[in-house]
Amino acid sequence: MDGVRQDLTFILEAFPRAQHALLPALQRVQAELGSLPLWALEAVGEHLRVPKSELYGVATHYPELRLEPHAEHVVRVCTGLSCRVAGAPALLAALEARLSLRSGQTTADGAVTLEEIHCAFICSVAPVVEMDGVGHGGLGAEEAAGLVWELVAPRMIR
Amino acid sequence: MNPQEQLTVLVDAAGRRPRPPLRLIVAAGGCGRARGANAVLAALQQEVMARGIDAAVVAGGCNGMCYAHVLVDVQRPDQPRLTYGGITPGSAPALLDEQPGGGSREPREAASWLLIPEFRPSIPAPQPLTPSRVPFLAGQQRLLMRDLGAIDPAEVDDYLLRGGYGLLAMALDELMPEEVIAEVKASGLLGRGGAYFSTAAKWQGCRAASGEPKWLVVNAEEGEPGVYKDRHLLEGDPHRVVEGMLVAAYAVGASRGVFYINGEARLAQHRVRQALEQALARGLLGERILGSDFSFEVSVRHGSGGYILGEETALLESIEGRRAMPRVRPPFPVERGLWGKPTVINNAETLATIRAVLELSGPDFAQIGLPNATGTKLIGLSGNVARPGLVEVPFGTTMRQVVETIGGGVPGGRALAAVLNGGPSGVFMPASVLDEPIQPRGVVPPGTGGWVVLDDRQSILGAVRQLTRFNMLESCGKCTPCREGTVRLLDLLDRVAEGAATSADLRQLRDVNEVVETASLCGLGQMAARPIASALEHFQHEFAEAPCTSG
């Protein structure tokens with residue numbers, strides 16, 4: 001679960017030993033590892049001289065910080081109000097059907113996680129689907145399902 | 001050399017750099033990219049190379065016409081600027097066919113706007129469109145958005161050639177910090193983050209406070225669902241906000257700053273970092289700016305999600321390396337902010353307005369809009385509206401002008417039910433207030449700057465539940481009224497939706513809502529009550545009591 005411990009010195013030495021570097025350091029480590037396993041939190045704490053409890057508190061406070069790694073691909077459907085009125089529910093249903101998943105779940109092989117988000121902040125091109133961080137606006141349900149298939153298909157063929 | 005002379009040197013150098021006579025600026029902001037702007041960029045670049053034309057293909061920002069993506073702005077010397085909409089990679093070659101090459105190398109201002117809603121290869125000669133002929137621009141007054149989509153946001157030279165940093169140089173040369181504050185005071189500028197507090201009063205408070213160093217924080221956290229205007233600004237014209245930040249820092253006596261950008265606004269982060277690096281390289285930032293005695297250093301920070309971050313004291317906690325939880329006030333940040341030092345926190349839109357204030361002078365700026373709410377407001381339109389996009393209108397503009405004339409009204413022959421003004425901290429505005437003017441604390445408040453149009457098929461109660469659920473999830477948990485109250489409110493709303501609410505439940509809904517509004521520590525809780533209160537006021541019929549509850 002915690003993955004293999006790595007030496008994070010080369011990442012952490014860029015940050016001053018001060019509490020104000022906490023969030024940037026966690027963001028940087030997550031960018032490197034994909035998530036924040038407990039051993040990494042400890043390493044950050046040792047470098048910054050911040051107690052583990054404080055680190056755990058911060059790491060679990062910010063929604064975008066993750067203690068567990070994501071699936072290989074992350075498909076996020078915006079179900080904010082603008083997207084909802086532009087057809088997000090139908091779009092989400094089409095993706096659930098295509099991936100045989102419910103929103104919030106990951107495929108059995110760990111390839112794709114399907115999630116809902118509150119807002120993608122490009123409301124003017126609703127409905128919005130984010131695939132691996134890339135936004136797509138104004139897609140119909142079938143188009144979106146097609147794009148997800150393109151994301152997943154290479155793996156299935158492999 | 002004084003600052004203005006130093007700036008002239010920079011502008012001259014920018015003007016001497018060779019610029020291709022033909023510039024194609026693709027609206028590759030977040031919205032445009034989601035509609036295929038990167039593919040259009042690549043197609044145009046490839047075509048330009050294949051044809052061997054002297055043309056620049058630029059990744060620009062969006063001019064607000066998000067409904068017509070992918071937009072391409074075509075600029076030739078001595079020609080009116082043309083804006084094409086609906087461009088696809090396939091139509092890129094035809095777009096180039098239309099453009100004659102050649103001309104002088106002087107950059108020039110746009111003479112008019114042109115928009116071809118659906119560009120096709122063999123359409124007749126385009127007709128010049130003035131605002132009256134482009135309904136989307138009717139009634140818009142673009143002070144902040146003037147250069148959006150028309151400049152290269154990755155190139156400080158473009159900004160310099162359009163007068164950029166000229167007001168900073170003027171202020172450093174000619175105005176004492178107190179005089180800058182006096183000018184902003186005369187302009188009547190109110191903070192655009194949502195609270196509409198006097199910007200000059202905030203600056204004055206910080207200037208007068210004791211403690212060094214003083215801090216200036218740019219709040220571009222923008223985490224409220226439905227609001228996307230700061231991203232547009234930063235993606236398309238980041239230097240305008242940077243210049244406002246520097247003028248503000250000079251006025252309040254701040255020597256250090258933090259530019260705080262939403263964690264998921266990656267393009268905006270990139271644009272701001274680029275802008276700050278270029279400003280630093282040209283002596284517009286850092287030690288002894290433009291040769292003056294004013295020095296300012298700034299770092300870029302970004303969040304990791306969480307709506308509460310936008311609350312200004314929670315933002316300070318986050319910068320200091322803690323969980324984003326608001327502080328008890330007083331003391332206010334202008335007296336004791338970052339690490340206990342006097343701190344001004346300004347919204348990105350507020351700072352983008354500073355250039356317009358100094359350009360026009362305070363008193364002239366005050367002529368725009370309403371006497372008690374001067375200037376313009378950015379509003380991002382979305383939802384059931386024909387032309388979603390970013391709008392800039394003076395205060396006092398009616399809701400009808402924004403939704404119907406500019407936005408094109410509700411499509412598909414449906415009727416307007418409501419406009420949600422702001423996201424989960426917003427209010428529902430019914431169709432009955434369409435002719436009311438936009439003004440702070442009015443029935444059509446400017447809000448944070450995102451309007452979601454809802455047609456008559458949409459359930460207001462459903463929307464209220466969605467917003468309340470968001471507020472419940474985003475409550476940081478520090479104060480009881482917000483932490484417990486939002487849970488209780490959602491329970492009660494669910495009962496109403498199930499048709500099981502008793503008259504006591506409805507009474508309790510109002511009571512709890514009032515408690516959450518008045519007793520919460522910060523804006524998140526205080527504002528969480530607003531969607532519910534406004535829906536109860538204007539859409540009472542959706543909050544029906546269960547049929548037999550008198551029992």
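Helices (H or I, at least four residues) and strands (E, at least two) are DSSP runs, numbered from the N terminus.

Ground rules next. I am working on a predicted model, where local features need pLDDT of at least 70, side-chain atom pairs count only at pLDDT 80 or more, and totals for chains, interfaces and linings use all residues. Residues are numbered from 1 along each chain as its sequence is written, chains are lettered from A and ligands numbered from 1 in the order in which they are written, and side-chain values use heavy atoms, with hydrogens and water left out.

**Entry: the sheet**

I looked up strand 14 (residues 416–421) of chain B and found five bridges joining it to strand 16 of chain B, the two running antiparallel. One pair I noted: B:Leu420 has B:Val452 in strand 16 of chain B as its bridge partner.

Then I checked the whole open sheet in chain B: five strands in the order 13-12-16-14-15, with mixed pairing. Strand 13 (389–394) and strand 15 (427–430) of chain B each have a single partner strand, so one side of each has no neighbour in the sheet. From one strand to the next, the twist averages 30°; axes are lines fitted to C-alpha atoms, for helices over the stretch in contact, and angles run from 0 to 180 degrees between N-to-C directions.

What packs on this sheet? Helix 15 (residues 399–406) of chain B does. Its direction makes about 65° with that of strand 16 of chain B.

**Entry: where the chains meet**

I counted contact as heavy atoms within 4.5 Å. Chain B puts in 50 residues and chain A 32 residues. The buried area (accessible area, 1.4 Å probe, that two parts lose on being put together, summed over both) is about 3,000 Å², with 60% from carbon and sulfur atoms. B:Ser304, B:Arg323 and B:Gln466 supply 19% of what chain B buries against chain A, more than any other three residues.

How many salt bridges cross the interface of chain B and chain A? The rule (a side-chain nitrogen of Lys or Arg within 4 Å of a carboxyl oxygen of Asp or Glu) finds one. A:Arg76 forms it with B:Glu264, the closest N and O atoms being 3.5 Å apart. I also saw that helix 16 of chain B gives the most to the side of chain B that touches chain A, with five residues.

Technical notes
Pairing = 2+ DSSP bridges.
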